[in-house]
Amino acid sequence: QFILAVGEVLTLGRAPDCDVPLELRGVSGRHAELSLAVVPGGGGAAGGAAGSAESTVELHIRDCSTNGTGTSGASGDVWAPLRRGESQVLGATSQVLMPLNRKAKDGSAIVVIRVIADALPDAYDDRRRVGRWRYHAKLGEGALGIVYRASDVTGKLPQEVAVKVCKIQKTSRIGVRLRHAYILHRESQWSLQRLHNTKSKRFRAAPAVHFARYLEDHTGRWAPELGFEAERTVFEAADFGWERFRPTTPLPALPYVVMELVPGRTLHQCMGWGSEPGEDPPLSVEEKIALAVQLAEALEYLASFGLIHRDFRTTNLLLVGRGSAGRVRVIDLGHTIAAEPEQVKNRSAVVRCNWRETKAKHFDWAPAEVKAEIADKEAGVNFTFPIHAFDVFSFGVLLLQLDRGSLSQARALAQRAAAGEGGVGRALGLSEDFLCRMLRGGATRPSP
């Protein structure tokens, strides 16, 4: 793994001082070079948003050999030749053949080159032997963060982990950057201070396992003189001036948190609602009921800490194993807030969510009471009591989705139930009456 900056060169060849040594006959001493080129205002192969006004970078390979270099995409089906100083832009995953032309008795090497990201926090560099994390692949991306699979070269964390990096645009205002970093910080602290804190009187090992555990917080020092609870009263205040705030200790360039790596697929993928095929064989009714029981336990545990997830849906639930060994894990606490009276109508940018829907974008898991702001700002709330009301509505929608196997059918039935209409039917063993109670007025929704 290498960190390559503009102006630097990474060498591949047979010479012992090459960054990537290839001890094969036919490979030249300095066979090829990798370098970065700045591309003003456009999307480069190495990353960046297409069409962005920001400058991006492209990864280039240049042939320095006497017998050529071949380049190909991830498939390696066709080799494009490079000879005598010619160069080419590489994609996110490329293969390089060295040498392109070889004698029968000479060997050749295929080097797979993958660009993980434009920038990653504390990445290990094999040349300089500095950094902590060896990044293996991108796992997923949300509105505020990008998650990577990584391993700790120091050995402090012996197992592979998930590193979630704050998603901050270079052109974002300082206030936006600070808000996003704080949300990531708070997200990790819900786990470290509450859900997985063995010193807490409310800690229970069995339901805590239903949540992915956060291991480290590298988002910066927010208010070192305050504890987490007192800190929240400062940063979650509606009138807090994010554009004026400057931490005593500057934030890291790339704030991030470290989580346990959960080796599973999202429930969304398992149901076949993503870009990949669903589970084969499909989840049985018995499996879905067993998962529903685990999810109810998770929500009950969350509510015991006075927390509301607010993003309880199939894309934030990971399934590990099948049959009787099947376990579901709740991930992403980015929207989670404390159910405190002063938070009900708090307009802080780190508390409120935008639930405005479009024809292509639906927030099926969000109850009607939090969408009222769209029509009337004065009526808008972040949640209603009891504590579990928001997440139990989300749970009811999820049960319909699993039972019917269709997002659109579940949406239509949830809307009927919320409107007090009949014909919703049962779902995974729950009666229509009980299911409708989950989906109607917040005050009457049953506890998990």
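Predicted model: local features only at pLDDT ≥ 70, side-chain atom pairs only at ≥ 80, totals over all residues.
How many disulfides does the structure hold?

1. The structure holds 0 disulfides. Cys 64 takes part in none, and its nearest cysteine sulfur, that of Cys 18, is 9.3 Å away; a disulfide would require the two sulfur atoms to lie within 2.5 Å. Cys 64 is partly exposed, at a relative accessible area of 27%.

2. Cys 353 is likewise in no disulfide, the nearest cysteine sulfur being that of Cys 166 at 16 Å. Cys 353 is buried, with a relative accessible area of 12%.

3. Across the whole structure, a search finds 23 aromatic pairs. One of them joins Phe 235 and Phe 245: the ring centres are 5.3 Å apart and the planes meet at 70 degrees, so the pair is edge-to-face. This pair links distant parts of the chain, 10 residues apart, with Phe 235 in helix α3 (residues 228-235) and Phe 245 in the loop between α3 and β14 (256-260).

4. Both partners are buried: Phe 235 has a relative accessible area of 2%, and Phe 245 one of 16%. The two also belong to a cluster, linked by ring pairs, that includes Tyr 182, Trp 222, Phe 240 and Trp 242.

5. A further edge-to-face pair is formed by Phe 363 and Trp 365, at 5.5 Å centre to centre and with 80 degrees between the planes. Phe 363 and Trp 365 are both buried.

6. Trp 365 has an additional contact, as Arg 313 lies over its face at 4.1 Å from the ring centre. Elsewhere, Arg 232 lies over the face of Phe 228, at 6.0 Å from the ring centre.

Conventions:
Residues numbered from 1 in each chain as written. Heavy atoms only, no water. Buried < 20%, exposed > 50% of the residue type's maximum accessible area, 1.4 Å probe, protein only. Phe/Tyr/Trp six-rings, centres within 6.5 Å; stacked < 30°, edge-to-face > 60°. Helix = DSSP H or I, 4+ residues; strand = E, 2+ residues; numbered from the N terminus. Lys NZ or Arg CZ within 6 Å of the ring centre and 35° of its normal.
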